[in-house]
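Here is a set of questions and answers about how the terms used for a structure follow from their definitions.

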Amino acid sequence: MAPPPPSPPPVSLRVVVLFLRVLTAVFLVITVIILSTNSVTIESQGTALKFHFKDVYAYRYMFSAAIIGLVYAVIQLFFTISELATRIKNPINYQLDFYGDKIISYLLATGSAAGFGVSKDLKDALLALVALDSTDPVDKFFSRGYASASMLLFAFVCLAVLSVLSSYAISKH
């Protein structure tokens, strides 16, 4: 005789998981919006230079990490809402939660770290090497880089908490 199926987690825990998944998706959407609109025209000695986030490899990595994380977050939102509605969790979802949350959270953490690092280093290097007419556009460009890295970091924190909760759920399963 097969053992009875495991009982679903309490409703309050499922609501917390749903809230964290929604929050993760919101932070990732904000990251994508900020990064994709991040461009600046720098004036230096009468020459205009257009600078876009795609010109910096670390910002491309951040953007890719945010997109991958967003796809994962949307898929997990679907499963979480389905679990809340039916009160049944597919046993495969325990594995997806456990491994997926860990892998994607590490991806988001490295993307955030890359964004913070390149924003600091490139801003200092650009201001030291190029005689600019005004530093306001450069400050705006790198401030948006910091903002998107911060949003990615917040998404990582949400997924890290979800990773702990998924570890708790899989140990009970």
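Predicted model: local features only at pLDDT ≥ 70, side-chain atom pairs only at ≥ 80, totals over all residues.

Q: What makes up the secondary structure, and in which order do the elements run?
A: Helices are DSSP runs of H or I with at least four residues, and strands are runs of E with at least two, both numbered from the N terminus. The protein has 4 helices and 2 strands, and from the N terminus on they run α-β-β-α-α-α.

Q: How does the span of α2 compare with the span expected at 1.5 Å a residue?
A: The expected span of a helix is 1.5 Å times one less than its number of residues. With 30 residues, α2 reaches 43 Å from its first C-alpha to its last, which is close to the expected 44 Å. Just after α2, R87 takes a positive phi of about 60°.

Q: What makes the pairing of S163 and K102 a polar contact?
A: A polar contact is a pair of N or O atoms within 3.5 Å; within protein, one must be able to donate a hydrogen and the other to accept it, and residues adjacent in sequence count only if both atoms are side-chain atoms. The side chains of S163 and K102 are joined by such a contact of 2.8 Å. Under the separate term contact (heavy atoms within 4.5 Å), S163 touches D101 and K102 when its neighbours within four places in sequence are left aside.

Q: Why is the pair R21 and D97 called a salt bridge, and what does the pair tie together?
A: A salt bridge is a side-chain nitrogen of Lys or Arg within 4 Å of a carboxyl oxygen of Asp or Glu. For R21 and D97 the closest N and O atoms are 3.7 Å apart, and the pair forms a salt bridge. Because R21 lies in helix α1 (residues 11-36) and D97 in helix α3 (residues 91-129), the pair ties together parts that are 76 residues apart in sequence. Both R21 and D97 are buried.

Q: Which other salt bridges are there?
A: R21 also meets D101 in a salt bridge, at 3.1 Å from N to O. D139 forms a salt bridge with K123, with the closest N and O atoms 3.1 Å apart. Since D139 lies in helix α4 and K123 in helix α3, this pair ties together parts that are 16 residues apart in sequence. Salt bridges that share partners join R21, D97 and D101 into one network, and the count by this rule comes to 3 salt bridges.

Q: What makes a set of residues a nonpolar core, and which elements supply the largest one?
A: A nonpolar core is a set of buried Ala, Val, Leu, Ile, Met, Phe, Trp, Tyr and Cys residues joined through side-chain atoms within 4.5 Å. The largest has 34 residues, and those with the most contacts inside it are L28, F51, Y59 and L108. At least two residues of this core come from each of α1, β1 (39-44), α2 (57-86), α3 and α4, and the largest share, 10 residues, comes from α4.

Q: What does the UniProt record place at residues 57-79?
A: The unreviewed UniProt entry places the feature "transmembrane region" at residues 12-36, 57-79 and 146-170; positions are given in the numbering used here, feature names are shortened, and annotations may be inferred rather than shown by experiment. In the model, residues 57-79 are 100% helix and 0% strand, with the end C-alpha atoms 33 Å apart.

Definitions and conventions
Residues numbered from 1 in each chain as written. Heavy atoms only, no water. Buried < 20%, exposed > 50% of the residue type's maximum accessible area, 1.4 Å probe, protein only.
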